[in-house]
Amino acid sequence: MMEIKREELRKALEIIKPGLARKEVIEQTTSFVFMNGRVVTYNDEISISHPVPNLDVSGVVKPDELYKLLSKLKQEEITLEVTENEIILKAGKAKAGFTLVRDIKLPLGETGLDALAESRWPTLPENFVEGVQFAMQSCGHDMSRPKLTGVHITPTFAEGSDMYRLSVHKFKTRLGIDEVLIPASSMKVVCARKPTHVFLDTAWIHFRNEEDTIISCRIFQDKYADTSKIREVDGLEIQFPKSIREMLDRASIFSKREHFVDEAITIALSEKRITISGQSDSGWFEETANVRYSGEALEFRITPDLLFTIIDQANICTLADNKIKFAGEDWEYLAMLRK
């Protein structure tokens, strides 16, 4: 029998929930696993584990009823009693039993999770999350081209591209691992948990935060293309009008999509004019302003959140051939132009 802080267990389950699979293609991937004083989830793409003080249970429990009950209880402390095939939870005068499967069949060993305690964890650069989130916004989501759905993380920068856009962000300090390609969907989960340390294995990469949450991500084995030549742009400089942020704020209302990587507004340049437009399933928006531009009419698409980040730091872009480039002290963004 063990005394557990109810909120600590509920919070731990909340943290690891993104590691649950939607469908149980692999046995136990839709369940919570209790082992070694931690709760764990695994879905073949990511595995998340988090410690729970005083937890001494080994086995597998279905998630829904346990998590929902913990969210509705008011007691600060609960008691857990483990029998041969059940966890009995007691809170005040309430009791509940949850089926416990003792045999853990998840392939957690392949993630290298067991060896992590004795491994050296290099510290992440202080702007690691910022850099990865910037790079992610240009990643694609077409799984027929999996390489383009990944964030390319190198010792000095992170980048992402769908072949039409490219986002690159430098790290303030050198990252103590080799280059790696990680699905952007996995890195979204990682960044939300504010990692501070990293460990790179053969097929998996592991991130740890100050609360000792460990997020393990399966990595792509593909080689990422060298983008250094693409990033060399020398051409005409254009300064956006001061009203660009307000225009973008209005146009972005019409860009909302189910996946954030699908959200985009269109920027069009023509003789002395810039036009920002957005279109949704239920409406559209367009606004124009004056700009110092004299040349061929052209346009590009960009994620609103990314453009907000860009114009807060630099409202000047460079046009050359079929590319437009924005650049700051430690970041670059390029987009292919449509004429």
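This is a predicted model: local features need pLDDT of at least 70, side-chain atom pairs count only at pLDDT 80 or more; totals for chains, interfaces and linings use all residues.
Which residue stands opposite Val-168 in E11?

Residues are numbered from 1 along each chain as its sequence is written, and side-chain values use heavy atoms, with hydrogens and water left out.

First, the overall view. Of the 339 residues, 53% count as buried. Buried here means under 20% relative accessible area, exposed means over 50%, and partly exposed is in between, using a 1.4 Å probe and protein chains only.

Contacts next, meaning heavy atoms within 4.5 Å. Among those between residues at least 6 apart in sequence, 63% join residues at least 24 apart. As for the surface, the chain exposes about 17,600 Å², and 47% of that comes from carbon and sulfur atoms; the areas are Shrake-Rupley values with a 1.4 Å probe.

Now to strand E10, residues 157–161. Why call it largely enclosed by the rest of the structure? Because five of its five residues are buried. In a regular strand, the side chains alternate between the two faces of the sheet. In E10, Phe-157, Glu-159 and Ser-161 point one way, and Ala-158 and Gly-160 point the other way.

E10 has a partner in strand E9, residues 150–153, and the two pair in the antiparallel sense over two bridges. Pairing, by the way, requires DSSP to find at least two bridges between the strands. Ile-153 has Ala-158 of E10 as its bridge partner, and a hairpin of three residues joins E9 to E10.

E10 also pairs with strand E11, residues 165–170, again antiparallel, this time over five bridges. And here is the reply to my opening question: Glu-159 is the residue that stands opposite Val-168 in E11. E10 and E11 form a hairpin too, with three residues between them, and Met-163 in that turn has a positive phi of about 80°.

Stay in that loop for a moment, please. Asp-162 lies there, between E10 and E11. Is Asp-162 buried or exposed? Asp-162 is buried, with a relative accessible area of 15%. Its side chain reaches the backbone nitrogen of Arg-165 at 2.8 Å. Leaving aside neighbours within four places in sequence, Asp-162 is in contact with Ser-138, Cys-139, Gly-140 and Leu-148.

A quick stop at helix H3, residues 128–136. This helix is mostly covered, with seven of its nine residues buried. Among them are Phe-128, Val-132 and Phe-134.

Asn-54 has a phi near 70°, positive in a residue other than glycine. Asn-54 sits in the loop between strand E4 (46–51) and strand E5 (59–61), and is exposed at a relative accessible area of 58%. Asp-212 is not a glycine either, and has a positive phi of about 70°. You will find Asp-212 in the loop between strand E14 (204–208) and strand E15 (214–218), partly exposed at 30% relative accessible area.

Last, a helix residue and a strand residue. Met-247 lies in helix H5, residues 244–251, and counts as buried at 1% relative accessibility. Beyond its neighbours within four places in sequence, Met-247 is in contact with Ile-274, Ile-276, Phe-285, Glu-287, Thr-288 and Ala-289. From Met-247 to Thr-154 is 93 residues in sequence and 35 Å in space, C-alpha to C-alpha.

Glu-286 is found in strand E19, residues 284–290, and is exposed, with a relative accessible area of 52%. Not counting residues up to four places away in sequence, Glu-286 touches Thr-275, Ile-276 and Ser-277. Its C-alpha lies 34 Å from that of Cys-191, which is 95 residues away in sequence.

How values were computed: Helices (H or I, at least four residues) and strands (E, at least two) are DSSP runs, numbered from the N terminus. A polar contact is a pair of N or O atoms within 3.5 Å; within protein, one must be able to donate a hydrogen and the other to accept it, and residues adjacent in sequence count only if both atoms are side-chain atoms.
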